[in-house]
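Please find below a short note on the model.

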Amino acid sequence: MRAPTTADLTGTRRLVRLAARRDRWTLPGWWLGLGFFVAATTALFADSFARGGDLVEETRLVATNTGMRLIGLTSGPSVGGYMLHREFVTLAVLAALMGSFAVIRHTRQNEELGRAELVGSTVVGRYAGLAAGVVIAVVAEVVLALVLAAGMVAAGLPVAGSLLAGASVASVGLVWVGVAAVTCQLSSTARGAAGIAAAALGIAFGLSGIGNMLGTVDRLGLRVTSAWPSWLSPIGWGQQTRPFGDARWWPLLLALLALAALVAVAVVLAARRDVGRGLWPERTGPAGAARTLLSPAGLVWRLQRNVSAGWALSLAMFGLVFGNLTEQIRGLEGSARDWWIEAGGTDVIVEAYQVSIIQMAGMFVAIHLVQLLLRMRVDEVGGTLEPLLATGVTRTRWLGAHLAVAVTSSVALMVLFAVAMGLTTGQVLGDTGAHVRALVGAGLVQVPGILVVGAAVTAVVCVVPRWSVPISWSILLATLVVGPMFGPGLDLPAWLQDTSPFTHSPKAPAAAVTAAPLLGLTAVSLGLAAAALVSLRRRTLSLPA
Amino acid sequence: MDGAVVASGLRKDFGTTRALDGLDLTVRAGEVHGFLGPNGAGKTTTIRVLLGLVRASGGHVVLLGGDPWRETASLHRRLAYVPGEVNLWPNLTGGEVIDLLADLRGGLVPARRADLLERFELDPTKQVRAYSKGNRQKVALVAALASDVELYLLDEPTSGLDPLMESVFQDVVQDLRHRGRTVLLSSHILSEVEALCDRVTIIRNGRTVETGTFADLRHLTRTTVVVETVRRPDALAAMAEVHDLSLEDGRASFGVDPGDLDTVLTRLVEHGVRSLVSTPPTLEELFLRHYGDEVPQHAPLGA
């Protein structure tokens, strides 16, 4: 392989102009949306503290609350710091999505749709497309940093801190510009490239969250020092700048180094593949179908198994980690201990911890369930449902196949997580068998609550397929926010918390399991699924034109 | 026995758009029936109604003696379908898709599968995402044609095929006809329709404008006559039966309804006919007459 030369970049400037022209509405949309969001939330928090909210007390609350630490890092009492604790992950994730979508739009998507071929036949160098995608995305992140800073300054935050905060958010975006540049070389589809980038984002969030949860709080309970997993995550680096605390710029260097390294990797990978192809070659496959494929459920499993496998891997890993953490949990004292006790509803700290962790695993399984069930919409609106229903398969059977795969996968993931957590818990506390049994039981009784979310999503997909994606994720988000993980912390009224199925899931293994809530949740699921079926059988399908 | 498909007064509204507006379609058992119409005329919607994928807003439809909306699955075991826009699962191989669709329909004839793969020169080990549009269409064609069923619904099945494959397709459909199968073929390729179809239905704006055999349809349209006479046939200009007349020295060309041909010829003979060419309308002219708004009823000739 020859080394890239400047000739390989011929035409980059023109491609950048083309990209800028294509994105003339998209990118300003991101900038304005995020800028407005940050200005509005900052103003909201500033206003509430000005009206007599106790900034120190609120800061102490989020610093000592392990659940709240999942989403943010506390660096002392300040309006800006408080806002960043609440919103940094959201902003960073959106900045990362903006950057990776921009790169994918101007590289892999061009190749997939055949535009790159047309452009490649003109006077442009081999890497000009990739370079243009990276350049436009980097520029977009830099502008975003300035817009966010302006938004914060407009809401009354100090200039220096605002600039660093904007840069910190954008630094996460910059790393994902590099991540997307690499995933575009790996996958031959834009969707695949975005999927891998998003998965990496999920892992980064997990690492920074775990690092902060495991971190130590200072004597005053106002400043958290993260544990090492945070330092493995670009989201963690962005948090470590502590813009409204001790304000250090050097963690941003890590992001720049990562960007440079990732782009270098992308260039090396790009040199090894043909236009239009991924690095992973198009494999040929069997000339005929295996027996296991020859049913609607077999087909659905084939299409979904990679999603399930990905979740299985992550949940097994988290299960092992959380089981292992039992050691630290046993030694907790003071307000941190109180949080677990209150959330778990028992003063046996280990059991209280297990209640919250199993609930959290349930949340992840619910996210996975929504993802699997939304595949039904892809089938219908994307057109693959048409040839299927033109055979002897009924709508009922198609729906049944999706539900069977989604429910089976959910139960399996819950059990897998519980077993993994039980194994490492047993290593810490001994009596592995008993811990595995107790946690598997605790995991299984979460399933009826999870399935209510699934049934609601099924109903949405069957009634309004075209709008099902935003509605389904909103439903999931709502049930999580008002549920036991965040509802009590947000001081929501009891009736509102009761609307989340998770509120009614048994707090096992701490509390005894009663049948009534499980039966009630199951009845709601069945009702929603029945309504979904009736609607699906009556309506005209939303097939592509 | 006759009436594999009988649809009458079919209506379908999507919101405020009326896709079908009183469409009639009768496909007799054992015939190859051409289904023609400009883009957006409602061909695909009609076929989706026949498949029970779309629910008609009004009208009656009987498919293979049953109600396609209520008896969907049992009827589908007796038919095979090739969609106009072939959307398949990108990560399955062509061979897997063929087996899957055929199996869910009730099975295929293995020998026929092998034969069709060979005739269409399709590699079944490739993943669907690696196929071109034409090859995806072949996958759908093989999946449908490898099944032995009563009725084949083919929605523009050859729009992505090259001429060689087009002729393979025509051979395969001829085989189906010889075996007494019923085919509803929607198509834009006139030579294909002319070569394969016993009868055709032409639709426009969701309504049937013409149906019958080609002979029937030709009968409805004027014949073009080009004639050379000894004396200039000025008398033709005064005849109501003669349309679009153009006269040059000893040569005249005009259109005439088949029923008036006799009257016009009688008058022509008086001018001393030297040569006469009478052309029935081509399918293309039939089409243009029904498809286009601006196309003259009779293409001017001899210019």
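**Domain contact and ring pairs**

1. Domain 1 of chain B and domain 2 of chain B bury about 940 Å² between them, buried area being the accessible area (1.4 Å probe) that two parts lose on being put together, summed over both. Carbon and sulfur atoms account for 66% of this area. The model is predicted: local features need pLDDT of at least 70, and side-chain atom pairs count only at pLDDT 80 or more, while totals for chains, interfaces and linings use all residues. Residues are numbered from 1 along each chain as its sequence is written, and side-chain values use heavy atoms, without hydrogens and water.

2. In chain B, domain 1 covers 5–213 and domain 2 covers 218–291; the bounds come from an automatic or database domain assignment. Taken over C-alpha atoms, the domain centres are 40 Å apart. The contact (heavy atoms within 4.5 Å) takes 10 residues from domain 1 and 8 residues from domain 2.

3. Of the area that domain 1 of chain B buries against domain 2, Leu190(B), Ile202(B) and Glu210(B) supply 47%, more than any other three residues. Across this interface there are 0 salt bridges (a side-chain nitrogen of Lys or Arg within 4 Å of a carboxyl oxygen of Asp or Glu).

4. Over all chains the structure holds 5 aromatic pairs, that is, rings of Phe, Tyr and Trp (its six-membered ring) with centres within 6.5 Å; planes under 30 degrees apart count as stacked, over 60 as edge-to-face and the rest as tilted. Phe45(A) and Tyr82(A) form an edge-to-face pair, because their ring centres are 5.1 Å apart and their planes lie at 90 degrees.

Technical notes:
Chains are lettered from A and ligands numbered from 1 in the order in which they are written.
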